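Please read them with the structure open.

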Amino acid sequence: MKLPAKLVEIVSHNIAQELLDKHLVEADDPEKFKNDITEILLKAVEEEKEIQEEAERLVEKHINLIDEEIRFRDAVNKVKEKLAEERGIHLDPEERLNQISHKIKKYLETEDSVEIFEHPNKIRRIVLDKLKKLIKEEKEIDKEVRQRIKSYSKKIIEGTPEWKILYNRIYEDALRKRGLM
């Protein structure tokens, strides 16, 4: 998940508010509850971002050792897989969402200021469904951004600073068009 912090905040607050509105949970301090859910999601995003950045640094550092036929993105993905495995982080989107929903479930079960009125697994599935919708939209945005970059007359190589800047600019523009930022 490479979601901007603002989007994570919006999504996590929506998840928390739905749990509260449907009376699936009750929190002594609803704002703290929303912020705690946000922190869980932000930490998950940050973990993935750190792995991505470390993989890119390692590939850039050792680019001379990589076979020219291997694309930068493929090399980064291989390194990223190894780093994620070492840290116990799932990269498969479905598994990662499941992992995050379990963290939220564990939080709900252990947080003294939150009372649960429904089976924790039912709540976890609701959270998981919300996260799946978010990731589906994120994938669509990523695909749209990559297609726009490919459509440029000038070939911009993925992994270069120019590509990263352009990707981030177009990505944020796509989020704004969808009303997500």
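1. Of the contacts in the protein chain between residues at least 6 apart in sequence, 65% join residues at least 24 apart, where contact means heavy atoms within 4.5 Å. The model is a predicted one, in which local features need pLDDT of at least 70 and side-chain atom pairs count only at pLDDT 80 or more, while totals for chains, interfaces and linings use all residues. Residues are numbered from 1 along each chain as its sequence is written, and side-chain values use heavy atoms, with hydrogens and water left out.

2. The protein chain holds six helices and two strands, which follow one another from the N terminus as α-β-α-α-α-β-α-α; helices (H or I, at least four residues) and strands (E, at least two) are DSSP runs, numbered from the N terminus. The C-alpha trace spans about 55 × 35 × 20 Å along its principal axes. Of the 181 residues, 40% are buried, with buried meaning under 20% relative accessible area, exposed over 50% and partly exposed in between, for a 1.4 Å probe and protein chains only.

3. Helix α1 (residues 5-21) has 17 residues, which at 1.5 Å a residue should span 24 Å, and its end C-alpha atoms are 24 Å apart, in agreement; the expected span is 1.5 Å times one less than the number of residues. Its buried residues are Leu 7, Val 8, Val 11, Ser 12, Ile 15, Ala 16, Glu 18, Leu 19 and Leu 20, and what covers them includes β1 (25-27), α2, α5 (120-150) and α6 (161-177). From the side of helix α2, Lys 34 is in contact with His 13, Ala 16, Gln 17 and Leu 20, leaving aside its neighbours within four places in sequence. Lys 34 counts as buried because its relative accessible area is 12%.

4. One backbone value deserves a look: His 23 has a positive phi of about 55° although it is not a glycine. His 23 is placed in the loop between α1 and β1, and with a relative accessible area of 59% it is exposed.

5. Two packed helices are described by the angle between their axes and the distance between the axes. Here the axes of α2 (residues 30-61) and α4 (residues 93-110) come within 11 Å and cross at roughly 145°, the axes being lines fitted to C-alpha atoms over the stretch in contact, with angles running from 0 to 180 degrees between N-to-C directions. Which residues make the contact of α2 and α4? On the α2 side they are Phe 33, Asp 36, Ile 37, Ile 40, Leu 41, Ala 44, Glu 47 and Glu 48, and on the α4 side Arg 96, Ile 100, Lys 103, Ile 104, Tyr 107 and Leu 108. These divide into nine nonpolar, no polar and five charged, where Ala, Val, Leu, Ile, Met, Phe, Trp, Tyr, Cys and Pro count as nonpolar, Asp, Glu, Lys and Arg as charged, and the others, Gly among them, as polar.

6. For α4 itself, the 18 residues should span 26 Å at 1.5 Å a residue, and the end C-alpha atoms are 26 Å apart, which agrees. Among its buried residues are Arg 96, Gln 99, Ser 101 and Lys 105, and the buried residues of α4 pack against β1, α2, β2 (114-116) and α5.

7. A search of the whole structure finds three aromatic pairs, where rings of Phe, Tyr and Trp (its six-membered ring) pair if their centres lie within 6.5 Å, and planes under 30 degrees apart count as stacked, over 60 as edge-to-face and the rest as tilted. Phe 33 and Tyr 107 are stacked, at 6.3 Å centre to centre and 25° between the planes. Phe 33 lies in helix α2 and Tyr 107 in helix α4, so this pair ties together parts that are 74 residues apart in sequence; both Phe 33 and Tyr 107 are buried.

8. Tyr 167 and Tyr 171 are also stacked, because their ring centres are 5.7 Å apart and their planes lie at 20°. Being four residues apart in helix α6, Tyr 167 and Tyr 171 are separated by about one helical turn. Tyr 167 counts as buried at 6% relative accessibility, and Tyr 171 is buried with a relative accessible area of 5%. Trp 163, Tyr 167 and Tyr 171 form one aromatic cluster.
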